[in-house]
Amino acid sequence: AAARLAGGWDPFVLDVRLPQEADICSLPFADALCPHRQLQARPAEFAKDIPRDRDVLVHCKSGYRSNLACHTLRDLGYTRLFDLKGGILAWATNVDPRMPRY
């Protein structure tokens with residue numbers, strides 16, 4: 001994802017972690033924070049602000065919740081979904097080592 005972003009890819013970036021996790025560290029280009037639990041509980045309500053006409057890059061801490069969120073969004077008809085493999089932990093390790101880890 002980092003190489004594609006550096007090349008000009010401009011997806012809608014959805015963070016599905018909890019707000020207290022986002023307070024520790026966040027991708028500076030994230031467009032929205034929607035905790036996975038809320039998306040799972042009321043998918044239509046929380047997905048209404050996620051664009052269908054753009055790629056959507058979903059991330060969490062390590063990849064588990066973002067994978068589940070991608071399945072939820074796919075069930076709602078989203079087709080342009082990308083899961084940030086390894087989550088923000090992998091980003092901190094491979095892209096931005098200055099980013100706090102938790």
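## Exercises on a predicted model

Leu 5 touches Pro 11, Phe 29, Leu 57 and Trp 91, leaving aside residues up to four places away in sequence. Keep this residue in view as you work, and remember that the model is predicted.

### Exercise 1: Start from Leu 5

Find the element that holds Leu 5, and work out how far Leu 5 is from His 36 in sequence and in space.

**Solution.** Begin with the element: Leu 5 lies in helix 1. Next, compare two positions along the chain. Leu 5 and His 36 are 31 residues apart in sequence, and their C-alpha atoms are 24 Å apart in space. Now return to the neighbours of Leu 5, which include Trp 91. Trp 91 is one of the buried residues of helix 6 (residues 87-94), along with Gly 87, Ile 88, Ala 90 and Ala 92. Finally, ask what these buried residues pack against: helix 1 (2-6) and strand 3 (56-59).

### Exercise 2: Describe the two aromatic pairs

Find the 2 aromatic pairs of the structure and describe how each is arranged.

1. Take Trp 9 and Phe 82. Their ring centres are 5.2 Å apart and their planes are at 80 degrees, an edge-to-face pair.
2. Trp 9 is in the loop between helix 1 and strand 1, while Phe 82 is in strand 4 (residues 81-83), so the pair ties together parts that are 73 residues apart in sequence.
3. Check their exposure. Buried means under 20% relative accessible area. Trp 9 has 14%, so it counts as buried, whereas Phe 82 has 28% and counts as partly exposed.
4. Take Phe 29 and Trp 91. The ring centres are 5.6 Å apart and the planes are at 65 degrees, so this pair is edge-to-face.
5. Phe 29 sits in the loop between helix 2 and strand 2, Trp 91 sits in helix 6, and the pair links distant parts of the chain, 62 residues apart.
6. Phe 29 is partly exposed at 32%, and Trp 91 is buried at 9%.

### Exercise 3: Is Glu 21 buried or exposed?

**Solution.** Locate Glu 21 first: its place is in helix 2 (residues 19-24). Its relative accessibility is 10%, so Glu 21 counts as buried. Its contacts, not counting residues up to four places away in sequence, are Lys 61, Arg 65 and Tyr 102.

### Exercise 4: Step back to the whole chain

How many helices and strands does the protein chain have?

**Solution.** The protein chain has 6 helices and 4 strands, in the order α-β-α-β-α-α-β-α-β-α. Its radius of gyration is 13 Å, close to the 13 Å that the globule rule gives for 102 residues, so the chain is as compact as a globular protein of that length. Of those 102 residues, 43% count as buried.

How values were computed:
Residues are numbered from 1 along each chain as its sequence is written. This is a predicted model: local features need pLDDT of at least 70, side-chain atom pairs count only at pLDDT 80 or more; totals for chains, interfaces and linings use all residues. Side-chain values use heavy atoms; hydrogens and water are left out. Helices (H or I, at least four residues) and strands (E, at least two) are DSSP runs, numbered from the N terminus. Buried means under 20% relative accessible area, exposed over 50%, partly exposed in between (1.4 Å probe, protein chains only). Contact means heavy atoms within 4.5 Å. The radius of gyration is taken over C-alpha atoms; the globule rule is 2.2 Å times the number of residues to the power 0.38. Rings of Phe, Tyr and Trp (its six-membered ring) pair if their centres lie within 6.5 Å; planes under 30 degrees apart count as stacked, over 60 as edge-to-face and the rest as tilted.
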